[in-house]
Amino acid sequence: MAYLELNNIYKNYGQGDSETEVLSNINLSIEEGEFVAIVGFTGSGKTTLVNLINGLIEPTKGEVLFKGKPVSGTSHERGVIFQNYSLLPWLTVEQNVLMAVKEAFPKREKAVWKRKAHYYIEMVGLTPAINKLPKELSGGMRQRVAVARALSMKPDMIIMDEPLGALDALTRGTLQDQILNIWEKDKRTALLITNDVDEGIYMADRIIPLRPGPNATLGPEFKIDIDRPRDKTELNDNENFKQTRNAIIEYLMDIGEERKAKATEEILLPELTPIDFVK
Ligand SMILES: Nc1ncnc2c1ncn2[C@@H]1O[C@H](COP(=O)(O)OP(=O)(O)OP(=O)(O)O)[C@@H](O)[C@H]1O
């Protein structure tokens, strides 16, 4: 039995004439302890996919199973790191993380909550900013709070919706390593949604492209056969990395071209002769 399973998922938005099928026949199976990355174009339905797995929305057709049971509603078992930091602006760094810890471990005592919160705040390097409000932090720091908050709930599965997209290269690299450390140390299962192929190759065991929508569906998977821990500086000289990267980029470019061709077809207007004006 797979840890997370998506079987024949379809998701439509709107009704009647304005109904659009955003996701079409999505099948995905992730084993316990795996790290899978989904790469996709802007607007292809990545967030819709995350929200379905998280239980925030329901599929129009098909089923999402987590540990063999249908997903219904959100759960602490699945921790999501969103692309916008979604922190509570009136709470400090410590309070934002504490709130999550309390929610995930309601029966523990205050000292345990504090210890857990401080552990994750330290891990993302924010101890010096522990009493600051979100508005006093940089974008990178806010995202680090969001990472600490999601991980502090000790979810069985970490789901990341382009969590690092807005960060500078250095902060992004540091956070990638912190997420990988946690994943490896605690043997979690992880799903990363990204538009950065290199990030996917550096972090994941498998990369699956999400073909552009409407009717977005998953493409063939690419296995990343590169030993861990991976060294970013050495990756560029790694033959396996180069080949995998080229294959994925070629595939994405091909489907990008297909999309462009389709777009041209779709905007062709019917022949309109303004008969009334010719008179
Ligand atoms: N609640 C909604 N109602 C109607 N349409 C929606 C809704 N949510 C998303 N969509 C549409 O579904 C499509 C996919 O959106 P989604 O946010 O899942 O894509 P995405 O790949 O995450 O985009 P981005 O990369 O820009 O974040 C878009 O065309 C979007 O306009």
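For this tour, Ala, Val, Leu, Ile, Met, Phe, Trp, Tyr, Cys and Pro count as nonpolar, Asp, Glu, Lys and Arg as charged, and the others, Gly among them, as polar. What you have open is a predicted model: local features need pLDDT of at least 70, side-chain atom pairs count only at pLDDT 80 or more, and totals for chains, interfaces and linings use all residues. Residues are numbered from 1 along each chain as its sequence is written.

**Stop 1: the ligand**

Select the ligand, then bring up Tyr13, Gly14, Val22, Gly40, Thr42, Gly43, Ser44, Gly45, Lys46, Thr47, Thr48 and Gly213, which surround it (a residue is near a molecule if its C-beta atom, placed from the backbone, lies within 6 Å of it). Colour them by class and you get two nonpolar, nine polar and one charged residues. Which element gives the most to this shell? That's H1, with three residues. Helices (H or I, at least four residues) and strands (E, at least two) are DSSP runs, numbered from the N terminus.

**Stop 2: helix H1**

Now select residues 46-54, helix H1, where seven of the nine residues are buried. Buried means that 20 or more other C-beta atoms lie within 10 Å of a residue's own, exposed means 12 or fewer, and partly exposed is in between, with C-beta atoms placed from the backbone. The buried ones are Lys46, Thr48, Leu49, Val50, Leu52, Ile53 and Asn54. Step just past the helix to Gly55, which has a positive phi of about 90 degrees.

**Stop 3: the sheet**

Show the strands next. Six of them make an open sheet, ordered E6-E7-E8-E3-E9-E10, with mixed pairing (two strands pair if DSSP finds at least two bridges between them). The edges are E6 (78-81) and E10, each pairing on one side only. H1 packs on this sheet, touching E3, E6, E7, E8 (189-194) and E9, and its direction makes about 155 degrees with that of E7. Two residues touch, or are in contact, if their C-beta atoms, placed from the backbone, lie within 7 Å. Axes are lines fitted to C-alpha atoms, for helices over the stretch in contact, and angles run from 0 to 180 degrees between N-to-C directions.

Zoom in on E3 (residues 35-40): five bridges join it to E9, and the two run parallel. Pick Ile38 and you'll find Ile208 of E9 opposite.

**Stop 4: the core**

The largest nonpolar core has 67 residues, and those with the most contacts inside it are Val97, Val145, Val147, Ala148 and Ile207. Such a core is a set of buried Ala, Val, Leu, Ile, Met, Phe, Trp, Tyr and Cys residues joined through C-beta atoms within 7 Å. Helix H4 (residues 139-152) gives the most to this core, with seven residues. H4 also lies across E6 and E7, at about 175 degrees to E6.

**Stop 5: Leu4**

Go to Leu4, in strand E1 (residues 4-13). Buried or exposed? Leu4 counts as buried because there are 23 C-beta neighbours inside 10 Å. Beyond its neighbours within four places in sequence, Leu4 is in contact with Ile30, Ile53, Phe66 and Met157.

**Stop 6**

Select Glu162, in the loop between E7 (157-161) and H5 (169-185). Its phi is near 40 degrees, positive in a residue other than glycine. Asn215 isn't a glycine either, yet has a positive phi of about 60 degrees. This residue is partly exposed, because 14 other C-beta atoms lie within 10 Å. Finish at the peptide bond from Arg228 to Pro229: it's cis, with omega near -5 degrees.
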